[in-house]
Amino acid sequence: MYGINEQKMYFCLKFIYMRYFLLLFLSGISILFSGCQKQKNITSWQDRADSLIQNGELNKAQAYIDSIQTVYPEKNRWQIDSLSQIIQRIRRDFSISQTDGIQQIFQKIPNADSTLIAHWEKDKWLETRVIDGKKMYFRKAISNLIRLAPELDSLRQDETYIDTYSRDFRLKHTDHIIKSTLQSGLLSDSVEMDITFTLTVKPNVVPHGETIRCWLPFPQEIERQTQIKLWKSIPEKHLISPANSPHRSVYMEKTAIKDSATVFSINFSYMAHSQYFFPKKMQNDLKPYNTNSYLYRTYTSQRNPHILFSERISKMAKEIVGQEKNPIRKAALIYDWIDQNFSWAGALEYSTIPNIPEYVINMKHGDCGQVTLLYITMLRSQGIPARWQSGWMLHPNRVNLHDWGEIYFEGIGWVPVDMSFGNQDSEDYLIRNFYKTGIDTYRLAINSDYGKELYPPKRHLRSETVDFQTGEVEWKNGNLFYPLWNYHLDIKYNKTNK
């Protein structure tokens, strides 16, 4: 039992503690509300900047971004820096004035006139954008126009627009793969690749004594790529990302030296294999999907911003497949539809496109990665698991960046598919349809997904926000974008089974 004085003291202390905890609670609510408000403010300024950028008001957007540089803490500065970089990339893409653009059109197409130009713009064959009140042409607009406009077919009949070498090589090579594949899905036609990849940052891009961080592309450890070995790196100290990394890389750091280029390089080798699945055998092996599996749920889901089942895309995909229930035939129907309706064309910077599949449909064209994302999105919308894969195409005498994908069929597994190579010009059914269920030997797969985090994480906006093929470079104050650095891939074909 407490005495009277002890009881008074007890109640006084109890009152003080209750008041303290009440104030603490209210303070916590205030902090939480303040944090929410701060997050709301951050979202608000991003929305405002995005709106200005999408409307082509780049001067206003940059001025607005500059005005808030000091308002937000250091940890949010990368978001502001990212928007500034997007503005720079849009300006780089749409860098030709209307006057210069029209002059270039007349130089390439002497019989063009204002009516034809208006027609090409309306039909999306000629890509323009209004930037700060002025019509600007995409830097690849004229070459794309010649590739795309039906009435300019006569101008396309040369090696600039029709790569007969690659076409003929692929026909011969895929025929060989089909004939050398002893069993559906087995690896064949192996070639050992020896690659030196070099990235060079130009002199004085980064202040003397500052650290440059660099990520170079490295082969994925997948079934079609074996015996992967890193032989040499410059600098020697490096960090290889884990085997399950969606973007496989070798990470290195170097100190910038005044008036000197900063060179990063790796030499590696691996055995590349082709893989082909016979369509008839696939039909026999096909089983119903386990729709409850992690794989099925993961690779039939949406993923912002580029794999979204918009009403338009879902409706198109449903109309294409019609009453077809077989997933192999559904995938083939969608493949044929994209191949027939979307021509290849030089692409905008992916980071400047809010939704790539919607862009392809709007513009009626796309490069390899763009049509691949459209294909993946349509497949997933129809309950067919699909995923991204990309890196390099290493055909002899035709080395280039390239994107493709894989489709999962229950009872068969992951089947490689190259959407942009399309149906080949052959009367042989298997050769014509090879890239629906197969992949050639000459590939360097670096990515098993798109738009994921690098290892170790990059601090600033990536130069390639979707893909990772040419490397990435940054320093403490920001990302280094083209043309502040260049890259080069050298390749030796050491051994083949031919």
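**A first tour**

Tutor: Happy to! Pro 456 sits in the loop between S14 and S15. Keep in mind that this is a predicted model.

Student: Okay, which kind of peptide bond leads from Tyr 455 to Pro 456, cis or trans?

Tutor: That bond is cis, with omega near -10 degrees. Another cis peptide bond joins Asn 304 and Pro 305, where omega is about 5 degrees. Pro 305 lies in the loop between helix H9 (294–299) and H10.

Student: While we're at H10, how do the axes of H10 and H13 cross?

Tutor: The axes of helix H10 (residues 311–321) and helix H13 (residues 368–381) come within 9 Å and cross at roughly 75 degrees. The two helices are therefore roughly perpendicular to each other.

Student: And which residues meet there?

Tutor: From H10, Ile 313, Ser 314, Met 316, Ala 317 and Ile 320 meet Leu 374, Thr 377, Met 378 and Ser 381 of H13. Six residues of this contact are nonpolar, three are polar and none is charged.

Student: New topic: which residues touch the most other members in the largest nonpolar core?

Tutor: That core has 89 residues, and the ones touching the most other members are Ile 105, Trp 120, Leu 126, Ile 338, Tyr 375 and Phe 409. H13 gives the most to this core, with seven residues. Apart from it lies another core of 36 residues, among them Phe 169, Val 206, Ala 272 and Val 473.

Student: What does Ile 105 touch?

Tutor: Leaving out residues up to four places away in sequence, Ile 105 touches Ala 112, Ile 117, Trp 120, Leu 126, Tyr 137 and Ile 142. Ile 142 is one of the buried residues of H6.

Student: Then what about H6, how many of its residues are buried?

Tutor: Six of the eight residues of helix H6 (residues 141–148) are buried, so the helix is largely enclosed by the rest of the structure. Its buried residues pack against helix H4 (98–108), helix H5 (114–122) and strand S3 (134–137).

Student: Let's do strands. What order do the four strands of the open sheet come in?

Tutor: The order is S12-S11-S10-S14, with antiparallel pairing. Strand S12 (413–417) and strand S14 (443–447) are at the edges with a single partner strand each, so one side of each has no neighbour in the sheet. From one strand to the next, the twist averages 35 degrees.

Student: How many bridges link S10 and S14?

Tutor: Strand S10 (residues 386–395) pairs with S14 over four bridges. Met 393 stands opposite Arg 443 in S14.

Student: And S5, what does that pair with?

Tutor: S5 pairs in the antiparallel sense with strand S8 (residues 249–255) over seven bridges, and with strand S15 (residues 472–475), also antiparallel, over three bridges. Thr 211 has Thr 255 in S8 as its bridge partner, while Trp 215 stands opposite Glu 472 in S15. Six of the seven residues of S5 (residues 211–217) are buried, so this strand is largely enclosed by the rest of the structure.

Student: Last one: where is Lys 124, and what is its phi?

Tutor: Lys 124 is in the loop between H5 and strand S2 (128–131). Its phi is positive, about 70 degrees, although Lys 124 is not a glycine. Asp 189, in strand S4 (residues 187–201), also has a positive phi, near 50 degrees.

Definitions and conventions. Residues are numbered from 1 along each chain as its sequence is written. This is a predicted model: local features need pLDDT of at least 70, side-chain atom pairs count only at pLDDT 80 or more; totals for chains, interfaces and linings use all residues. Side-chain values use heavy atoms; hydrogens and water are left out. Buried means under 20% relative accessible area, exposed over 50%, partly exposed in between (1.4 Å probe, protein chains only). Contact means heavy atoms within 4.5 Å. Axes are lines fitted to C-alpha atoms, for helices over the stretch in contact, and angles run from 0 to 180 degrees between N-to-C directions. Angles under 35 degrees count as roughly parallel, over 145 as roughly antiparallel, 65 to 115 as roughly perpendicular and the rest as oblique. Ala, Val, Leu, Ile, Met, Phe, Trp, Tyr, Cys and Pro count as nonpolar, Asp, Glu, Lys and Arg as charged, and the others, Gly among them, as polar. Two strands pair if DSSP finds at least two bridges between them. A nonpolar core is a set of buried Ala, Val, Leu, Ile, Met, Phe, Trp, Tyr and Cys residues joined through side-chain atoms within 4.5 Å.
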